[in-house]
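Subject: Structure handover

Hello,

Here is the structure I promised to pass on. Please open it and keep it beside you while you read my notes below.

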Amino acid sequence: MKRFLKPFQQTTGLARWIMLIGIVIVFLFIIVAIFADFIAPYGFNQVEVDGVRFVKQAPPGPGHILGVNDQFYDIFSRVIYGARTALEVVLLSIILSLVIGVVLGLLCGYVGGWVDRCLVFLMDAMYAFPSLLLAIVFSFLLSGLMKGSGIISAALSLTVVYIPRYFRVVRNTTLSAREATYVEAARAIGAPNRTIMGRYLFTNVIQSVPVIGTLNAADAISTLAALGFLGLGIQPIDASEWGYDLSRALDDAASGIWWTGMFPGLAIVLLVTGLTLIGEGLNETMNPTLRKRRFAAIVLPERKPKAKVAVAAEVVTNDIAESAYEEIVDDGEVKP
Amino acid sequence: MSETVTVPEAPTAGKADVILDVDHLQVHFKLRGAGLSRILGREGGIVKAVDDVTIALKRGEVFGLVGESGSGKTTLGRAVLGLVPITGGLIRHQSLDGGAPVDIASLKGKKLRKHRQKLQMVFQDPHAALNPAMTIETQVGHPLVIHGRAKGAELKAKVKSALEHVGLAPAEQFMSKYPSDLSGGQKQRAVIARAIILEPEVLVADEPVSMLDMSVRAKILQLMLDLKQYLQLTYIYITHDLATAKFFCDRVAIMYLGKIVEVGPTAEIFAEPRHPYTQALLKAIPDVDPSKMVPRDLPRGEIPDAARPPRGCSFHPRCPLARAECGWEPRDLKAMVDEHWTRVSVEQFEKEQALVGNLKELNTDKLKVKLEPAHGGSVDELWTMFENIRTENPEEPLWRGVTRMEKVKDGVVIEFAKPAEIALHPVGNADVSCVLY
């Protein structure tokens, strides 16, 4: 665990702030999603309270702090529940595509041969499609197959889009890692293939996966919203979905009703920004070519004539070797 | 040992102290052709990384495999552990437990993995041989876990003892560390600890000190000698460094292009090297004596292409003592003409090249070639050119292998001597494969 956290502690100014801001934003959305039932004043598909209908397209004000939209839904409640939908779908799709993509990538990279060729061909074919087009096709197919479970079918159609990304990265890193001496050493001590894949390759090839994961999550939010906007995602009675609300708000904008589109749109932008910031921050810390290590400032003690002073300096040399040396500096050599 | 494969008794089975009997071992790799030929389905060549090698390894000895890069010594070492596909021959392992000898070359899958408990390897690059994502404790103990031989407190105790045996003491200080926290020498000690924790019988050490600092080398070698005493190990020590081989080995085999050219007791080989290649290698050892600073007759040129090794003795194109029957062939003539051109003026080169063309007809296995003048040159000109090359350096060993050079109507015919059968045969206390003895 300590080893896992090490890169985070070593981030420098910008990367650290980027990641911190991202984490705060995403954390807020997670809190909102979990406690949606307590935060939202109304249900996401509630159109009346005590038998009284909400006023259609009522502007923000008391009772409806973000107003009411053209379907008599309370916008604030829709935005809150929308966070739950978005996070549910994205989490599910990321986990599924991560597991499938990483396992397939590892297998292909290690086993090679015709299995590898077939899967690489398939994945490349999938990768060649624009991701939105692929998601549209699959959500169209899946919504026919799985009636009534909008969230799962949306998550599955996003999964299909993202599997090739993990697959490619993991397969390529596995291809180079399997030639490494430590893999041969594992064979030499008699490790079976599954041990080599699980204990020797897995831990060394998944290093870039968290970065792709968070960046894909941001991408998935916008793809999900795009699906909803096109009316292919989750139906309004199943769950609240920002993209759908945006598409409904399209006509309102012309007539000066800004609040129906503004708030779902803002929610999408914020969450995507938050996730992207985390991804970029992770990239800066995990990617050795971008990473800048923090150098501890060397504090020299005040100059005392004719005295030998030991200066402890934390010298971080490079990626591989990092250790603290104690540097004994002759006082005569220390220039103020 | 009911699972092991029994093999026919070796002819050398009478010697009870032979632990590993490598018998006519071949490791050939198929080359994949380049782009176009692969599309057209043409086969690439074959690299004979290990070609017909026979060694009998005695129990408790340190056997050195010495050779240049590309001589096949590492491949031979890896073949002993079954880490490379073996294309021919046998590797009989007579285990200490007294069972029937096991042929490693024919073991596969689970049986091979199980058998590797008795044969372990130390790798050249300690920085790459350890899994960067595992603590030292986990990786040194992993062989025991894989073979289900220890767990829990027992495992920890064994790891501790192995680490202390290789000089990583106090062990607790190293157990929770990752490889990146250790120095090169410490990593190599950890690699050795991982290899000895299974208590193997044979340890293949593939250039174990070549990546280490000079100051650490001697310590690691001494450690390996101590471990040999303690664990009754038999070593195969692979190296290109003759100095360490002289210090470390009981017997050495000199390898060249996949074949053993000379094998014998270390003292004998170093005192009286017989094969010209061994002599050349020994001359290349740096010496502190300033009068011997520049060795004058190092072998010429580079180690040849392993995909097309020279005919006869593989060393003949570089050998200063080569004779007629060493296996001269048309390719050598081309190399010689190329070399001749490096010494002549530009005008002469252009003239001569226009005369002989691209020398494609020399790219053959035949003993007799006919060269025709290209671009309208005359046979006489071609003949004079070869005569000149010959008189320029009549001592060139190639000419010893040319039995006939004759001017015919439309070209020049050059015929080479028939190569002799060259195999390892006893000379003194050693075995040498050279026509000189």
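Chain B of this predicted model has an open, antiparallel sheet of 3 strands in the order S11-S13-S12. Strands are DSSP runs of E with at least two residues, helices are runs of H or I with at least four, and both are numbered from the N terminus. Two strands pair if DSSP finds at least two bridges between them. S11 (368-371) and S12 (402-408) of chain B are the edge strands, and each pairs on one side only. From one strand to the next, the twist averages 15°. Angles run from 0 to 180 degrees between N-to-C directions, and axes are lines fitted to C-alpha atoms, for helices over the stretch in contact.

S11(B) pairs with S13 (residues 411-416) of chain B over 4 bridges, in the antiparallel sense. Look for Leu371(B): opposite it, in S13(B), stands Val412(B). Helix H15 (residues 379-392) of chain B packs on this sheet. H15(B) touches S11, S12 and S13 of chain B, and its direction makes about 35° with that of S13(B). Contact here means that the C-beta atoms of two residues, placed from the backbone, lie within 7 Å.

Two numbering and cut-off notes. Residues are numbered from 1 along each chain as its sequence is written, and chains are lettered from A and ligands numbered from 1 in the order in which they are written. As the model is predicted, local features need pLDDT of at least 70 and side-chain atom pairs count only at pLDDT 80 or more, while totals for chains, interfaces and linings use all residues.

Next, the other sheet to look at in chain B. It is open, with 4 antiparallel strands in the order S2-S1-S4-S5. S2 (46-58) and S5 (102-103) of chain B stand at the edges with a single partner strand each, so one side of each has no neighbour in the sheet. S1 (residues 18-30) of chain B runs antiparallel to S2(B), joined by 10 bridges. Leu20(B) has Leu57(B) in S2(B) as its bridge partner.

Helix H2(B) lies across S1, S2 and S4 (88-93) of chain B, at about 60° to S2(B). How many residues of H2 (residues 73-80) of chain B are buried? The count is 8 of 8. Buried means 20 or more other C-beta atoms within 10 Å of a residue's own, exposed means 12 or fewer, and partly exposed is in between, with C-beta atoms placed from the backbone. Lys73(B) and Arg78(B) are among the buried residues. Just after H2(B), Gly82(B) has a positive phi of about 70°.

Now to where the chains meet. 23 residues of chain B are in contact with 17 residues of chain A. H3 (109-115), S6 (119-122), H4 (126-129) and H5 (136-146) of chain B each give two or more residues to that side of chain B. H5(B) gives the largest share, 3 residues.

Ala191(A) sits in the loop between H8 (181-188) and H9 (193-205) of chain A. Why is Ala191(A) buried? Because 23 other C-beta atoms lie within 10 Å. Not counting residues up to four places away in sequence, Ala191(A) touches Ala186(A), Ile196(A) and Ile146(B).

Last, a helix pair. The axes of H4 (residues 75-111) and H7 (residues 150-177) of chain A come within 6 Å and cross at roughly 35°.

Best wishes
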